[in-house]
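User: Hey, can you walk me through this one? I'm new to reading structures.
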2 protein chains.
Amino acid sequence: MKATAPFPVINRRALLSTMALLPALSVAFFPASAPAQTATSGGSLPSWNDGAAKQAIIDFVRATSDRSSPSYVVPEDRIAVFDQDGTLWVEHPMYTQVIYCLDRVPDVVAKKPELKNREPFKTVLSGNREAIARLPMQDLYKILAATLSGMTVEEFNAEAKKWLEAARHPRWNRLYTELAYQPMLEVFRYLRDNAYKTYIVTGGGQDFGRVYAEKVYGIPPEQVIGTAGGTKFAYASDGKPYLTKEPKLLLNDNNAGKPEGIHLMIGRRPYAAFGNSTGDRQMLEWTAAGAGARLKMLLLHDDAAREYAYGPAQGLPDTRVGTFTPALYDEAKKNGWTVISMKNDWRRIFAFE
Amino acid sequence: MKATAPFPVINRRALLSTMALLPALSVAFFPASAPAQTATSGGSLPSWNDGAAKQAIIDFVRATSDRSSPSYVVPEDRIAVFDQDGTLWVEHPMYTQVIYCLDRVPDVVAKKPELKNREPFKTVLSGNREAIARLPMQDLYKILAATLSGMTVEEFNAEAKKWLEAARHPRWNRLYTELAYQPMLEVFRYLRDNAYKTYIVTGGGQDFGRVYAEKVYGIPPEQVIGTAGGTKFAYASDGKPYLTKEPKLLLNDNNAGKPEGIHLMIGRRPYAAFGNSTGDRQMLEWTAAGAGARLKMLLLHDDAAREYAYGPAQGLPDTRVGTFTPALYDEAKKNGWTVISMKNDWRRIFAFE
């Protein structure tokens, strides 16, 4: 696992082009409704249209859970892994966690006033979105490191939870947690009903994902694998121990880091993998290389009307890191992975629709 | 998590004093019987004598699982963690994994003949136990690194499994996996019957523990946390991906590394912790510092007749790394942790008795 940067690379072009769409950095903390969690009924995957993608999921579950099937898998080996941003919820105009980090800057500076006139914090505080968008990558890393470390693990959890209960996506004016894809919530339920243990394997922060995964997806903290920094154990003056989040990278859970992280945290090969970008390629390849029936699914964002269209759906290579490139599309087709068309395969995208 | 040495420190004194007791390094691969897994009946903890230790476990389970209790814990938060060597199975005369590594040397040298005349491999191959016992620590690290890395994860699992099915403890002439403590197997079952998720948190190798934990303790690979090295994802000439174990430390799961590892792998604080040595101190402190009822248990090896007596039971400080020192004994008494006396609290130690 390469330890080159404190957090996964965020594409600067995407940041530049979308910064203008963002709401002001300060967030109004009005009371928020709970994330939508509609119960499914009348078939296992009601938000999916009939087609190759839905059928691939159903066929896989049957093949691995029917005792008479040559591809039967004992329940304790049934592991399914899911990328998070862009696979389970909206990743445009920017990864939710990056918006969180930018929003955290005023609080971080309030606690460390010496940062007020220091870059890049000064620029972020100015609220000048064009200037923020021009910040070089190393400055963005400084913001990620400053806003995701230095506090106890409990403080971080409380801060992130508070933000997630208030911050809203500019396009839908909905909580980010409401932008989970309803068809994927149904896949979770369907797999779990068939004894699959479901894991998130995200390039985003592991601790950040653990704050919302249980409520939004029914996935407990120990089943969220993500880019992880170290913690440091120490004693307070009253002798009570605490853990502080450190600006030190332990696991960069992207690209080859995904199968490496799966080995570290799970210790065995998944039978099913869902992704949407080049960052998920190795996880899909690692899953595919196992014996027996394996489910390999790639979500294509081709629905500009209901969500977004990018990657091969635009007919152009997209240089944004983490995007579903035409090369990945070709690999999927060549190897028989299933591409999910958001436009054609999903009857409904969000629970609130 | 400190990255000072590739593997947890092994005490040289213990190694020196016990090397003479070891069987010859080469292991005869005769067919082995399955590890004993006797079903419990007639009470939850039949191998425990009535007393404070047994009562502490029962009281804790009642306090956290009875809905009317002020200390009630929702099932999804019920996490229990267990040290492995010396808490769940015999750790004398030497950690089982160290014996494994020494036994692996001939095979490693067969694959890399250039090591044959190089130290420390030459000495290990000589079979001269006194000379092996005199090897300095850095040479032991070389042996650990050479025998626990450089192969694919599947190759490692197959090798370790084969060894565990054949190697025997010199005192009992039993498989190492048969030396699991029957009273602790009953604690696992009792906790799991009450919705607790049970984890091993070992200073030993994570991958090594995962090879036997499911069969011996009913603990799946993803619930074994241990000292972990990195892996490297790569492609074979046929394009098939594989993961190689690297001689690079990611998590030194000892001392402060135990709560740090628990945060990394579980993401929340346990309600129950079992240990037997100073390496478990911070894990016990971290567990104890949570609100509500918390179970803190330390196993004292005070039974030279049926197992071993060391640590405070000898009335002498023991400098072996990982041992239950008198200072830890004092901390336990001061903070109300429960000390389990192997001699007095356990009616039976092994399933084969």
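User: Which way does α3(B) pass α6(B), in a left-handed or a right-handed crossing?
Analyst: Left-handed. Keep in mind that this is a predicted model.

User: OK, and at what angle do their axes cross?
Analyst: Roughly 70°, and the axes come within 9 Å. The two helices, α3(B) and α6(B), are therefore roughly perpendicular to each other.

User: Which residues meet there?
Analyst: From α3(B), they include Tyr100(B), Leu102(B) and Val105(B). On the α6(B) side, Ile143(B) and Leu144(B) are among them. The residues of this contact split into 9 nonpolar, 2 polar and 1 charged.

User: Switching topic: how many residues does each chain put into the contact between A and B?
Analyst: Chain A gives 42 residues and chain B gives 42 residues. The area buried between them is about 3,500 Å², with 54% coming from carbon and sulfur atoms.

User: How many salt bridges go across?
Analyst: The rule finds 6 across the interface of chain A and chain B. Glu154(A) forms a salt bridge with Arg269(B), and their closest N and O atoms are 3.1 Å apart.

User: What about the backbone, which peptide bonds are cis?
Analyst: One runs from Glu119(A) to Pro120(A), with omega near 5°. Pro120(A) sits in the loop between α3 and α4 of chain A. Another goes from His92(B) to Pro93(B), also with omega near 5°. Most peptide bonds are trans.

User: And where is Asn173(A)?
Analyst: In the loop between β2 and β3 of chain A. Asn173(A) has a positive phi of about 50°, though it isn't a glycine.

Note on methods: Residues are numbered from 1 along each chain as its sequence is written. Chains are lettered from A and ligands numbered from 1 in the order in which they are written. This is a predicted model: local features need pLDDT of at least 70, side-chain atom pairs count only at pLDDT 80 or more; totals for chains, interfaces and linings use all residues. Side-chain values use heavy atoms; hydrogens and water are left out. Axes are lines fitted to C-alpha atoms, for helices over the stretch in contact, and angles run from 0 to 180 degrees between N-to-C directions. Helices (H or I, at least four residues) and strands (E, at least two) are DSSP runs, numbered from the N terminus. Angles under 35 degrees count as roughly parallel, over 145 as roughly antiparallel, 65 to 115 as roughly perpendicular and the rest as oblique. A crossing is left-handed if the near helix is turned anticlockwise from the far one by less than a right angle, and right-handed if clockwise. Contact means heavy atoms within 4.5 Å. Ala, Val, Leu, Ile, Met, Phe, Trp, Tyr, Cys and Pro count as nonpolar, Asp, Glu, Lys and Arg as charged, and the others, Gly among them, as polar. Buried area is the accessible area (1.4 Å probe) that two parts lose on being put together, summed over both. A salt bridge is a side-chain nitrogen of Lys or Arg within 4 Å of a carboxyl oxygen of Asp or Glu.
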